[in-house]
Amino acid sequence: MENKDYNIFSTQIARVLILQKYLLKVIILRKKQFKAESKKLLDMMINSIYTHKEIFLRELISNASDATDKLYFKSLTDTSINTDKLEIRIDLDKDARTITITDNGIGMTADELEKNLGTIAKSDSLNFKNENEGDENMDNIEVIGQFGVGFYSSFMVADKVEVVSKALGSNEAAKWVSEGADGYTVEPCEKDTVGTVITLHIKENADDEDYDQYLEQYKIQELVKKYSDYIRYPIVMEMTSQVPDPDNEGETITEVNDEILNSRVPLWRKSKSEIKDEEYNEFYKQKFYDYTDPALVIHSKTEGQATFDALMFVPKNAPFDFYSKEYEKGLQLYSNGVLIMDKCADLLPDYFSFVKGLVDSADLSLNISREILQHDRQLKIIAKAIDKKIKSELTKLLRNEREKYEEIWKTFGVQIKWGVYADYGMNKDGLKDLLLFKSSNGGYTTLKEYRDRMADSQDTIYYACGDSDDKIALLPQCEAVKEKGFEVLYFTDDVDEFAIQMLMEYDGKHFANILKDDFDLSTDAEKEAMQKKNEDSKEWLCKMKDLLGDEVTAVKLTNKLGTHAVSLAAEGYVSLEMAKVLSQMPGADAQMMKAQLVLEISSSHPIADKLATADDETLKKYTKILYNQARLIAGLTVDNPTELADSIADLMV
């Protein structure tokens, strides 16, 4: 072949090669469609699955952590891999409107970018987890990803996402670019180091959406602290701050430094022996926004049917909205150190709704968005274990540090008593030994302590209800029972009698309300004598009943008022205190909620003789006065206090 022909041939070959290279690039850059009905599916990912846009950062940091974990796992069997400076980096560029998340983890090849990011709901992390199941080195690895959809949460805040990655052991890097459901491109690119760089091009603000906030340092700090504070690798961001100028007094200069945003090692994963009380207290105050130290710290690690760490606190003071509809109970829920739910209500029963804290478990069955928990067996096991642990710690405190327990009881005791009554008493057996009541013995007592003080001949636990301990102690019936040597429990909370009725008995001893009409400590002979007195006084007692009409169901003489003249007792199931509580409920029928009242007059008091000999007009006046006096003693209102005052004044004159 002549030189001229050879040159022409060579030129043609060169053109063909150039054309091939160009066509190859076109083929590579040609926008590809996502697999698996991607347009519709990705649109659902972006707009429906996640309820909070801010979790995009949590998902991308979790992916970066998984990639770094995989590199670390490789390094355990390959000593040539350097793991001295494994970290996750976040960079902000407000002018370019970009957030960049960089990791120096295991990286991805072009094929892996295509496979993992081009196929929605394909989790490389889950595959890695399954492939290495049983490897003892996996004990040190905490792979977070499960569903392969977290990455796509980026499109909630970004209109364009770029991923540049270089895989371990590869000489080439690749770039994946997408603007959403329309598809993506993959092309070769330059990258010197192993790892992945994700760049989000943040959307412009919309009418009802503030996307600018994600370009602010404070917002990124807040999101990292909230969701990713316990990722095991440092999360680093360049921070700018104003500091005093050492050369010009009164002036400031801008200082730029790299700062680690996350705590990394969760306090709850440390051994209890390594943690000082001050550390627990500081953690609680910062995490749950309280200004006082907690009253009780509960730190536990549970293994078995469900493996989890729990760190819980009983506050000293009730939250300002604790008894309002706005209050939300629940523990923070973490999965491998990543916040999943801020308040998981299913982990706490209502009677322990005052407990603050968190649970961290790798055994949770999460839904696809990792925002909500699947209601499955694991969750129930964890909740049951937490309930048991709180009861155990409170019981221990009651036994060993009584004063501390009583302070907690003063603040949250009503909630525990509601737990005895609620759900038809389903939880009463587990809570009954945590109950405290004031009593005539002085101070607080448990039911067990009351039972231990009972005489062998006593078969009943006595109680009385009222507005306060002092008022109950002054009740005629209470004075009479104490004179006989019996102890009386003082019920001052609305729920007390309802709870005790649900409890029914304690250690074989039944409860009795000393303010009920059928309560009587008399001997058989005394009862027989009192029955005769009532029969002999039937005429004037019936007159008094007629004068009072439907206000009472009966008027009778009694010997259970001590030195006092008169009192009211309730007949039937509904006591005076129960009637007060029920009548205050929304929509309550006042007539249906009324207690059946009995006016009791002391047979040994001189007033009984006066009533027996009074004329009709005097009896009418005495009846009204005595009935209103009895209402006042019982803590009930008087319909016409002026009439009562005038009647007493007339008698005095």
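## Helices on a sheet

Helices (H or I, at least four residues) and strands (E, at least two) are DSSP runs, numbered from the N terminus. Axes are lines fitted to C-alpha atoms, for helices over the stretch in contact, and angles run from 0 to 180 degrees between N-to-C directions, while contact means heavy atoms within 4.5 Å.

This is a predicted model, in which local features need pLDDT of at least 70 and side-chain atom pairs count only at pLDDT 80 or more, whereas totals for chains, interfaces and linings use all residues. Residues are numbered from 1 along each chain as its sequence is written, and side-chain values use heavy atoms, with hydrogens and water left out.

Strands of a sheet pair through backbone hydrogen bonds, either parallel or antiparallel. Here strand 11 (residues 331-335) pairs with strand 12 in the antiparallel sense over four bridges, and the bridge partner of Tyr334 is Leu339 in strand 12.

## Aromatic rings

The structure holds 25 aromatic pairs. Rings of Phe, Tyr and Trp (its six-membered ring) pair if their centres lie within 6.5 Å, and planes under 30 degrees apart count as stacked, over 60 as edge-to-face and the rest as tilted. The rings of Trp176 and Tyr184 have centres 5.8 Å apart and planes at 20 degrees, so this pair is stacked. Both Trp176 and Tyr184 are buried, where buried means under 20% relative accessible area, exposed over 50% and partly exposed in between (1.4 Å probe, protein chains only).

Phe288 and Phe313 form a tilted pair, with 6.1 Å from centre to centre and 55 degrees between the planes. Phe288 lies in helix 7 and Phe313 in strand 10, so the pair ties together parts that are 25 residues apart in sequence. Phe288 counts as buried at 17% relative accessibility, and Phe313 counts as buried at 0%. Ring pairs also link Phe288 and Phe313 into a cluster with Tyr230, Trp268, Phe283, Tyr284 and Tyr334.

## Charges over rings

A charge sits over a ring if NZ of Lys or CZ of Arg is within 6 Å of the ring centre and within 35 degrees of the ring normal. The charged end of Arg232 sits over the ring of Tyr72, 5.5 Å from its centre, and Lys438 lies over the face of Tyr444, at 5.1 Å from the ring centre.

The buried residues are Asp496, Glu497, Phe498, Ala499, Ile500 and Leu503, and just after the helix Met504 takes a positive phi of about 70 degrees.

Strand 22 (residues 596-602) is also largely enclosed by the rest of the structure, because six of its seven residues are buried. Strand 22 pairs with strand 20 (residues 554-558) in the parallel sense over five bridges, where Val598 is the bridge partner of Ala554. With strand 21 (residues 566-571), strand 22 pairs in the antiparallel sense over six bridges, and Ser567 stands opposite Glu600.

## A loop residue

Val194 is found in the loop between strand 5 (184-189) and strand 6 (195-202), and at 26% relative accessibility Val194 counts as partly exposed. Leaving aside neighbours within four places in sequence, Val194 is in contact with Asp103, Asn104, Gly105, Ile106, Lys166, Ala167 and Leu168.

## The chain as a whole

The secondary structure of the protein chain comes to 20 helices and 22 strands, and 47% of its 653 residues count as buried.

Note on methods: Two strands pair if DSSP finds at least two bridges between them.
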